[in-house]
Amino acid sequence: MIDLHSHTDRSDGTFTPAELIAEARRIELNALSITDHDTFAGYDAALPVAAAAGLNLICGIELATRYQGTSVHLLAYFPVRPPSPQLRQWLDWMLEKRRERNVRLIAKLQSLGVDITLEEVEKMGRTLTGRPHFARVLVEKGYATDLQNAFDRYLDESARAFVQRQEATMEEALERVLASGGVPSLAHPVRVARNNWEKLAAWVEDLAGIGLRAIEVYHSDHSPENVAWYASLAERFGLGITGGSDFHGANKPNISLGTGKHNNLQVPDWIAEKLSALAPSS
Ligand code: AMP
Ligand code: ZN
Ligand code: FE
Ligand code: FE
């Protein structure tokens, strides 16, 4: 069993990097990838812990990109060489854009009569403060009944307080990941193109043409039908396969590392073994 999609408290998970490594050891994962949103901070902190524990930790990240007027998540793996300084610099720029968004989001919430400050929210996050941290504060202060309710009432794209963050384009993200020797994989396709199968197939064909190398076939939100369909898409467009739980600790309490929701996930070991072969040669 392996898991190539997980988050630590360096983005919006609740496990520290060391706690996540301990959990991976406990359930006897053969390979783990930490794919925090927009930061390698969790991976960096976990690497020595994983090495000491003899766990195969694969460097990864999850990037939110703009594609066809929507927000599409792109996973990237670095199984051969570590991400370049240029890629890390670019992430610093994105972190700055995120902070600008957070300032505007606070102002918007305050204008709606919500008593909330940036300091309170940033205390929840570490390297990176995102909307899930806003959701926690909104729940704690009684403005929402639970995290989902906080999104529905205030933070979701369709909700009252939503503020657009400047995201990288898919094209630029693919280019930068490939230039750094990474393997870009389309994250949880069930959330892409509103799960319209024909549209998704057209998008995947286009993405394969501009550098996409894999599809996340296995994911906690995928039904067996989804898995079969995404695997067939990968085959059709010559793409590799990745998979993982999207574990977020207590922020998504129904998802377990390695096994997903109610044991609906089993990512075969060969997927980790084949990852290096998907990396661009240079
Ligand atoms: P951010 O990158 O700060 O804009 O936050 C994005 C994160 O918020 C996503 O990765 C999800 O974990 C979470 N999220 C976004 N929309 C929703 C939603 N409608 N319901 C629950 N969680 C959401
Ligand atoms: Zn997340
Ligand atoms: Fe995602
Ligand atoms: Fe994720």
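Trainee: What distance separates the zinc ion (ligand 2) from the iron ion (ligand 3)?

Mentor: Keep in mind that this is a predicted model. In it, the zinc ion (ligand 2) and the iron ion (ligand 3) are separated by 5.7 Å.

Trainee: Which residues coordinate the zinc ion (ligand 2)?

Mentor: The donor distances run from 1.9 to 2.6 Å. In sequence the donor residues follow the spacing D-x24-H-x210-H.

Trainee: What is the arrangement of the four donor atoms around the zinc ion (ligand 2)?

Mentor: Look at the angles, which run from 52 to 140°. A tetrahedral label needs all angles between 85 and 135 degrees. With that range of angles, the arrangement around the zinc ion (ligand 2) is irregular.

Trainee: How many residues apart in sequence are the parts that D12 and H248 tie together?

Mentor: Place each residue. D12 sits in the loop between strand 1 and helix 1. H248 sits in the loop between strand 8 and helix 10. The pair therefore ties together parts that are 236 residues apart.

Trainee: Are D12 and H248 buried or exposed?

Mentor: Buried means under 20% relative accessible area. D12 has 10%, so D12 is buried. H248 has 2%, so H248 is also buried.

Trainee: How many aromatic pairs does a search of the whole structure find?

Mentor: The search covers the whole structure. Rings pair if their centres lie within 6.5 Å. The number found is four.

Trainee: Are the rings of F15 and F247 stacked or edge-to-face?

Mentor: The ring centres are 4.9 Å apart. The planes meet at 85°. Planes over 60 degrees apart count as edge-to-face. So the pair F15 and F247 is edge-to-face.

Trainee: How many residues apart in sequence are the parts that F15 and F247 tie together?

Mentor: F15 is in the loop between strand 1 (2–3) and helix 1 (17–26). F247 is in the loop between strand 8 (240–244) and helix 10 (270–273). F15 is partly exposed at 22% relative accessible area, whereas F247 is buried at 6%. The parts tied together are 232 residues apart.

Trainee: What is the angle between the planes of F40 and F78?

Mentor: This aromatic pair is edge-to-face, with 5.7 Å centre to centre. F40 counts as buried at 3% relative accessibility, and F78 at 5%. The angle between the planes is 80°.

Trainee: Which residues lie nearest the centre of the largest pocket?

Mentor: About 1400 Å³ of space lies in the largest pocket. The lining has 13 nonpolar, 11 polar and 17 charged residues. Elements that give two or more residues to the lining include strand 3, strand 4 and helix 8 (197–209). Nearest the centre are H73, R131, D156, E157 and R191.

Trainee: What volume does the second largest pocket have?

Mentor: Residues that line the second largest pocket include R191, D221 and K261. By class, the lining divides into two nonpolar, two polar and four charged residues. The volume of the second largest pocket is about 160 Å³.

Note on methods
Residues numbered from 1 in each chain as written. Chains lettered and ligands numbered in written order. Predicted model: local features only at pLDDT ≥ 70, side-chain atom pairs only at ≥ 80, totals over all residues. Heavy atoms only, no water. Phe/Tyr/Trp six-rings, centres within 6.5 Å; stacked < 30°, edge-to-face > 60°. Helix = DSSP H or I, 4+ residues; strand = E, 2+ residues; numbered from the N terminus. Buried < 20%, exposed > 50% of the residue type's maximum accessible area, 1.4 Å probe, protein only. Donors = N, O, S within 2.8 Å, 3.2 Å for Na, K, Ca; no water. Tetrahedral: all angles 85-135°; square planar, octahedral: opposite > 155°, others 65-115°. 1 Å grid on protein atoms, 1.4 Å probe; cavity = no way out; pocket = protein on both sides within 12 Å on 5 of 7 lines; lining within 4 Å. Points joined across faces, edges and corners; volume = space filled by probe spheres on them. Nonpolar A, V, L, I, M, F, W, Y, C, P; charged D, E, K, R; others polar.
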